[in-house]
Amino acid sequence: MAAERHVDHKVLKAFAETRVNVPAQEAAERRRQVNHLRERLEGHIAAHPDFDLVKLRASGSTAKFTAIQRRGGGSDADVAAYLRTADPGVDEASLLEWLRERCIEVYGETKVADDFKISDHAVGITLRGSGLKIDVAPVLYTGEPDDKGYLVTRQGTRVLTSVTLHLRFIEKRKSTDAAGPGYTELIRLLKAWIRQSKLYNPDLRCKSFLLELLVAHLWETGWNGELLQVNDYPRAIAQVLAYIARTGGASPGRWGEAGRCGRVA
């Protein structure tokens with residue numbers, strides 16, 4: 001007799017819709033806050049010509065529709081600030097401090113210094129009223145196509161990235177001609193599972209970007225001769241976990257164009 005499936009696709013989809021996916025009103029608020037920051041930041045960067053602002057681009061999970069509901073920690077929205085300088089003597093290692101000062105100027109005296117924290121490659125801004133957090137990542141632009149540029153870490157290390165390629169990478173797979181909306185919802189379910197797992201094992205390390213690459217790889221190649229079942233969440237999750245257990249999550253050598261272009265927080 002076949003074992004009864006207590007948790008099927010319908011159950012997980014309902015769970016995603018109520019506990020994982022970002023509600024429309026909250027998503028709209030995230031976009032509003034990001035647009036406010038982008039509009040104000042342009043003027044403040046222009047007033048300090050150490051770096052010229054090329055463009056501001058929404059990036060990260062919100063732009064890719066892989067964001068999940070907040071449970072504390074992490075960012076809610078991400079912005080890539082593409083900057084350029086003609087001065088070879090500029091200290092790139094000071095770029096994050098410079099950007100933090102510009103972000104503080106945007107909000108004036110309405111916020112305290114502790115609301116602006118520097119991570120390895122971004123400036124995190126906490127908005128106390130709404131509880132939202134926006135990460136602003138400076139990207140040095142050198143004129144390459146597809147918005148390719150370089151994240152600069154606190155140590156001054158350059159990491160190649162591209163917001164455009166990241167968005168194109170996801171869009172190509174979640175279109176109705178490809179995997180469809182189940183593709184991104186599967187990623188969101190996996191991200192929620194990892195977040196919950198970290199409550200029990202704080203040492204667990206698994207970046208959201210890695211999950212996106214794993215799902216993309218399995219969508220392209222399948223697992224054990226079977227396509228990734230993006231419309232059967234229990235089966236798809238089992239496939240992802242089986243792949244991780246069998247390979248240790250090691251890179252198969254080709255995780256697509258986004259995997260070759262670093263990341264934006």
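This is a predicted model: local features need pLDDT of at least 70, side-chain atom pairs count only at pLDDT 80 or more; totals for chains, interfaces and linings use all residues.

1. In helix H1, which spans residues 9-20, the buried residues include Leu12, Ala16 and Val20. Because these three cover an arc of only 45 degrees around the axis, they lie on the same side of H1.

2. At the start of H1, a side-chain oxygen of Asp8 comes to within 3.3 Å of the backbone nitrogen of Lys10.

3. Turning to the aromatic residues, a search of the whole structure gives four aromatic pairs. One of them joins Tyr107 and Phe116, whose ring centres are 6.2 Å apart and whose planes meet at 50 degrees, so the pair counts as tilted; both Tyr107 and Phe116 are buried.

4. Trp223 and Tyr243 form an edge-to-face aromatic pair, with 5.3 Å from centre to centre and 85 degrees between the planes. This pair links distant parts of the chain, since Trp223 belongs to the loop between helix H7 (208-221) and helix H8 (233-247), whereas Tyr243 is in helix H8, 20 residues apart. Both Trp223 and Tyr243 are buried.

5. Lysines also sit over aromatic rings: the charged end of Lys111 is over the ring of Phe116, 5.9 Å from its centre, and Lys55 lies over the face of Tyr141, at 5.4 Å from the ring centre.

Key: Residues are numbered from 1 along each chain as its sequence is written. Side-chain values use heavy atoms; hydrogens and water are left out. Rings of Phe, Tyr and Trp (its six-membered ring) pair if their centres lie within 6.5 Å; planes under 30 degrees apart count as stacked, over 60 as edge-to-face and the rest as tilted. Buried means under 20% relative accessible area, exposed over 50%, partly exposed in between (1.4 Å probe, protein chains only). Helices (H or I, at least four residues) and strands (E, at least two) are DSSP runs, numbered from the N terminus. A charge sits over a ring if NZ of Lys or CZ of Arg is within 6 Å of the ring centre and within 35 degrees of the ring normal. The arc is that of the directions from the helix axis to the C-beta atoms. A polar contact is a pair of N or O atoms within 3.5 Å; within protein, one must be able to donate a hydrogen and the other to accept it, and residues adjacent in sequence count only if both atoms are side-chain atoms.
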